[in-house]
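Me: I have a structure open and would like to go through it piece by piece. Can we start with a pocket and then move on to the sheet?

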Amino acid sequence: MSGEPTKPRGDAVSTKTGAVPQAGTSTSEDIAAFVAKARALSPHAPGAKGRLIFALDATMSRQPTWDMACALQADMFRETAALGSLDIRLVYYRGFDECRATAWISDSAKLAALMSKIDCRGGDTQIGKVLSEARREAVASGVRAVVFVGDAMEERVDELCAKAGELGMLKVPVFVFQEGHDAVAEQAFREIARLTGGAWCRFDPGAAAQLRELLRAAAAYAAGGRDALLALAKTASGAAKLIGQMK
């Protein structure tokens, strides 16, 4: 479907181009209705396999952070070892209208090997495609949470909010981890987090320790739900930051 990341065959990653589909402008009443409906839905079934979409901006300025995320992703798997299994689906965008998605991966070495082969390329943000992919997977196979790491937003914020509201209805929180201080991006990222029942946190450029704590916390939620995040918040600042925002 135009506007969504290409789905891979097996473990391969494939490319697809196409404009982001145009959505109608969302009114404040529409967004409020999305949030209200989301709160009324049942949470994910306990004991189900944790599934986390790990979404990254892979445009040119992001190479240092991509390398850092590649080094830290194993911590997400390790954090959930005592809570149950975790599957991660990597979604990223870069270049000219290029957005890609991997198969579900349950092994940190496999994910690291795949990420190490990907280089960042110049291009505009495609956050809308990330949110559309998350919604599709949430309906098709179940997704506990979405992590998005980025530093910019160059899309129509109303369209992103509409997609975020749909994820909120499906009880899929988006944890948005922003690098840097771009005010336009921050406004959009905070709203995406709010509409999905997730959280927004900033980390400093190159701050591996900060990002590690945030990724660990998101993984704990994906594998063990709110209770796991609450338990981690007693000893980890990243988890405390997330749980403090989640409704």
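Reply: By class, the lining of the second largest pocket has two nonpolar, four polar and four charged residues. Keep in mind that this is a predicted model.

Me: Which residues lie nearest the centre of that second largest pocket?

Reply: Gly95, Asp97, Asp124, Thr125 and Gln126 do, out of 10 lining residues.

Me: And what volume does the second largest pocket have?

Reply: About 180 Å³.

Me: OK, the sheet now. What is the order of its strands?

Reply: The order is 3-2-1-4-5-6, in an open sheet of six strands with mixed pairing.

Me: Which strands stand at the edges?

Reply: Strand 3 (98-101) and strand 6 (199-203) do. Each has a single partner strand, so one side of each is left without a neighbour in the sheet.

Me: How much are neighbouring strands turned against each other?

Reply: By 15° on average, with direction ignored.

Me: What holds strands together in general?

Reply: Strands of a sheet pair through backbone hydrogen bonds, either parallel or antiparallel.

Me: Back to this one. Is strand 4 buried or exposed?

Reply: Buried: six of the six residues of strand 4 (residues 145-150) are, so the strand is largely enclosed by the rest of the structure. Ala145, Val147 and Val149 are buried on one side, and Val146, Phe148 and Gly150 are buried on the other.

Me: Which way does strand 4 run against strand 1, parallel or antiparallel?

Reply: Parallel, with five bridges joining strand 1 (residues 50-57) to strand 4. Val147 in strand 4 stands opposite Phe54.

Me: What about Val147 and strand 5, which residue is the partner there?

Reply: Phe175 is the bridge partner of Val147 in strand 5. Strand 4 and strand 5 (residues 174-179) are joined by five bridges and run parallel.

Me: Where does the chain go between strand 4 and strand 5?

Reply: Through helix 5 (residues 157-169), in a β-α-β crossover that is right-handed.

Me: And how many bridges pair strand 5 with strand 6?

Reply: Five, in the parallel sense. Glu179 stands opposite Phe203 in strand 6.

Me: Changing topic: where is Ile105?

Reply: Ile105 is in the loop between strand 3 and helix 3 (108-116).

Me: Is Ile105 buried or exposed?

Reply: Ile105 has a relative accessible area of 4%, and buried means under 20%, so Ile105 counts as buried.

Me: What separates the C-alpha atoms of Ile105 and Ile88?

Reply: A distance of 5.1 Å, although the two residues are 17 residues apart along the chain.

Note on methods:
Residues numbered from 1 in each chain as written. Predicted model: local features only at pLDDT ≥ 70, side-chain atom pairs only at ≥ 80, totals over all residues. Heavy atoms only, no water. 1 Å grid on protein atoms, 1.4 Å probe; cavity = no way out; pocket = protein on both sides within 12 Å on 5 of 7 lines; lining within 4 Å. Points joined across faces, edges and corners; volume = space filled by probe spheres on them. Nonpolar A, V, L, I, M, F, W, Y, C, P; charged D, E, K, R; others polar. Buried < 20%, exposed > 50% of the residue type's maximum accessible area, 1.4 Å probe, protein only. Helix = DSSP H or I, 4+ residues; strand = E, 2+ residues; numbered from the N terminus. Pairing = 2+ DSSP bridges. Right-handed = clockwise from strand over helix to strand, strands pointing away. Axes fitted to C-alpha atoms, helices over the stretch in contact; angles between N-to-C directions.
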